[in-house]
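Biologist: Before we discuss this structure, please tell me how your terms are defined. Here it is.

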Amino acid sequence: MHATSKNNFVYLNRDGRWPGFKHKGIDLRDDGSMALGALPRLVDVLPDGTSSASPPDGAGGIAIDSLGAIYFTDSAHDRVFRISGCDKRLATLAGVGGTNGLPAGLRQPRGLLVPQHRHALFVADSLNHRIEVFDLNTLQLVDIWGQPDPGAPPQSDSAPGRFNQPFSLDSDRGGNVYVVDYGNQRVQKFNSAGRVIPEFWQNASANSGLRNPSQVAVLDDDGAVQVFVLDLAALKIFAFDSDGFPIIDPEGVGDSHLQQPSGLIVNRNALFVGDNGARRIFRFQIPGFEFMGAAIGYDGPVAALALDEKGSLWVHPGNSLAPLLLQVEGGACSRGVLWTGQPVQVNRRVDWYRLSAITSGFDEASHLELFVYATDDPADAPAVDPASDNPFSDARWRPLGFAGNFEIDDLYVGGGEFEYLFCGALLSSDGSSTPVLTQLRVEFDYPRYESYLPAVYRNNKNCDDFVARLLSLFESIFADVEQEIESLPKLFDPRVAPKKFLPWLAGVVGFELDGNLSESAQREIIAEIFRYYGRRGTRAGLRDSLRLFAQVDAIIDEPLLNAGWWTLPGASSSCSEHCHANSGQDGNYWNASENSILGTTTMLAGEQPQGAVVGTSAILDQSSLISDSKIGSPLFAETAYQFSVRIYQAQLRCAQTLSRIKAVIEQEKPAHTTYHLCVVAPRMRVGFQSRVGVDTVVGGQARSLALGTDQHLGDDTLLAGTALTRLGAESRLGLNTRLN
């Protein structure tokens with residue numbers, strides 16, 4: 001079962017998967033470590049208005065876009081709010097909502113969605129029986145799903161693709177949108193173009209017991225799509241694949257904690273469910289649907305749940321109450337149990353010496369206890385009851401608990417030679433933190449300190465293994481020091497060095513880390529620092545620096561590379577016998593004339609390349625004389641040592657981003673160069689933004705040219721005069737319009 005080392009020890013965590021182990025109340029993290037199951041924790045103090053609020057009358061909606069803006073519904077007043085991602089300003093969406101009979105009007109909006117494949121806001125307009133799609137750049141209504149005639153009064157319908165009170169919606173990375181059609185008691189699937197895929201619900205209804213869906217959440221893990229649906233009547237969770245076939249129990253999975261569930265969201269290892277009966281947010285582990293616990297610090301109603309790009313959890317309490325932020329891994333379960341379902345063995349009887357744990361994250365509130373049992377019978381497994389107050393109460397377990405304010409992370413086994421070893425661990429906490437178990441190591445037939453003692457001290461006839469146990473205490477102390485010495489090389493590897501050593505490691509290579517960067521970005525910078533240093537001062541190096549330190553993708557141009565001066569075709573001396581044989585009588589040939597088309601491929605120099613020449617270009621009091629060493633320099637004077645940096649406006653998520661970009665450019669550019677920073681606004685620009693309906697804005701009123709501004713004549717401005725005709729506003733032909 002476990003890999004055996006010639007050094008007489010076995011690591012029980014192989015490839016970060018802990019094969020042969022069972023656990024309850026524990027999360028297997030991405031790095032392969034074990035920790036108490038994470039629970040969300042409210043970041044700020046719970047507002048009084050939330051703690052005393054009544055439950056909402058139905059599902060609500062909350063969605064977060066890529067710029068950090070938060071959208072949430074106020075179903076009672078038929079509107080949608082927006083909280084800015086930068087200044088956190090709260091405002092209603094202009095032109096969206098209200099029972100005014102307009103196409104963008106709303107009647108009791110429910111679910112919201114900002115999908116990954118489209119920069120748009122999807123609104124479940126429940127009492128208008130439709131899904132409305134708004135462009136997030138302009139807040140214009142761009143699409144309506146579920147109504148045969150968008151201009152006619154909305155009506156409910158049970159046909160595929162139609163709705164009767166849509167409640168909740170979510171999408172996968174492929175652009176497919178899943179909608180809970182609450183009134184028709186079904187879940188419909190639409191592709192990215194808004195076309196219904198009826199086979200999804202046909203398969204789901206025919207192969208499962210789902211009858212009253214109310215919430216939907218989609219998990220897309222590297223293309224493996226799982227659709228989770230909450231059945232409000234049965235108080236169960238159902239899970240389907242992208243085609244509508246069940247992937248767990250077709251009759252759903254229930255839990256006694258669910259009373260009035262409302263709000264559903266999922267990530268890779270957790271399903272979060274709000275409950276208005278308990279006024280809590282519950283976390284269930286994925287896969288398995290093991291109940292982990294309730295969010296810490298939240299006591300209030302739940303209308304909707306959402307996860308942002310950082311993985312933080314947001315809860316919308318309902319109506320006009322503002323959403324609240326919860327840290328997904330801010331708290332922990334109070335207890336977790338880990339034990340071997342299959343015994344550890346090395347295919348022979350050995351003297352099991354010690355079980356040691358590699359741990360981190362301990363404090364006064366978190367603890368670890370280890371348990372072992374050695375036997376020759378693999379069926380002689382000691383009992384483990386993870387639901388009891390003492391999971392390892394079986395007398396066969398040999399325990400080692402924590403002592404005082406320090407942890408003992410290794411356990412002496414001893415007792416003679418046996419073929420099998422059972423292991424267990426109990427992690428506990430008050431909920432504010434968690435111990436982290438990275439590895440368990442079992443040593444057997446190990447060279448002990450007894451071999452360094454005189455023979456008289458190695459006689460255990462009358463004292464059993466007292467000396468061995470005593471020496472093992474000293475060995476455990478020195479073993480940590482020896483292990484640290486052996487692990488020194490990893491401190492110089494940015495991929496595995498502990499996080500606290502990253503600033504020191506960066507200093508070794510002469511670099512000062514920015515504390516605002518993520519840990520992964522810091523490791524990437526240190527690992528590639530020599531390559532970055534080799535490219536400093538170049539266009540590629542500056543682009544990499546802007547991507548790493550400012551999180552923007554820049555377009556960098558050098559005007560000198562695009563300059564081309566006009567010259568008459570010049571004669572060239574023959575280069576070889578072949579050239580001479582195929583040239584004119586004098587042995588010369590002309591350059592291709594298409595390389596010097598004035599006004600198309602060329603430009604005129606601002607000055608004479610030779611400077612002032614007496615008798616030709618020299619003008620009294622208007623000429624500049626240059627030395628022989630500077631002949632030709634006027635050709636490059638206007639373009640040399642200059643470059644431009646273009647940044648798309650959408651990347652300037654906050655006001656601080658622009659100042660960070662300027663700081664990076666000043667730090668990385670050659671000292672003798674100058675630059676022009678240009679923010680590319682969302683207008684039609686061939687070569688930059690030219691995909692109509694995706695990244696361009698066609699039309700709009702041109703700005704008048706004003707001195708002292710950064711506007712450029714011929715780019716986005718017009719000289720004073722009558723503005724061009726605008727259809728629908730000033731379009732009386734022959735009276736107040738003109739064609740241009």
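Modeller: Buried means under 20% relative accessible area, exposed means over 50%, and partly exposed is in between (1.4 Å probe, protein chains only). This is a predicted model, in which local features need pLDDT of at least 70 and side-chain atom pairs count only at pLDDT 80 or more, while totals for chains, interfaces and linings use all residues. Residues are numbered from 1 along each chain as its sequence is written, and side-chain values use heavy atoms, with hydrogens and water left out.

Biologist: Why is G37 called buried?

Modeller: G37 has a relative accessible area of 0%, and the limit for buried is under 20%, so G37 is buried. G37 lies in the loop between β4 and β5 (38-42); strands (E, at least two residues) and helices (H or I, at least four) are DSSP runs, numbered from the N terminus.

Biologist: What does G37 touch, not counting residues up to four places away in sequence?

Modeller: Contact means heavy atoms within 4.5 Å. By that rule G37 touches G25, I26, D27, R283, M292, G331, A332 and C333. The C-alpha atoms of G37 and I26 are separated by 4.5 Å, although these residues are eleven apart along the chain.

Biologist: Why does T375 count as buried?

Modeller: T375, in strand β30, has 6% relative accessibility and therefore counts as buried. A polar atom of the T375 side chain lies 3.1 Å from the backbone nitrogen of D377. Leaving aside neighbours within four places in sequence, T375 is in contact with D380, F418, E419, Y420 and F422.

Biologist: What makes a set of residues a nonpolar core?

Modeller: The set consists of buried Ala, Val, Leu, Ile, Met, Phe, Trp, Tyr and Cys residues joined through side-chain atoms within 4.5 Å. The largest such core has 30 residues, and L12, W352, L421 and L440 have the most contacts inside it. Strand β29 gives the largest share of this core, six residues. Apart from it lies another core, of 27 residues, including F549 and I665.

Biologist: Which residues of helix α10 (residues 655-668) are buried?

Modeller: They are T657, I661, V664, I665 and E668. Seen down the axis of α10, they fall within an arc of 100° (taken from the directions from the helix axis to the C-beta atoms), so they line one face of the helix. Their cover includes α7 (539-549), β38 (642-648) and β39 (674-680).

Terms used:
A polar contact is a pair of N or O atoms within 3.5 Å; within protein, one must be able to donate a hydrogen and the other to accept it, and residues adjacent in sequence count only if both atoms are side-chain atoms.
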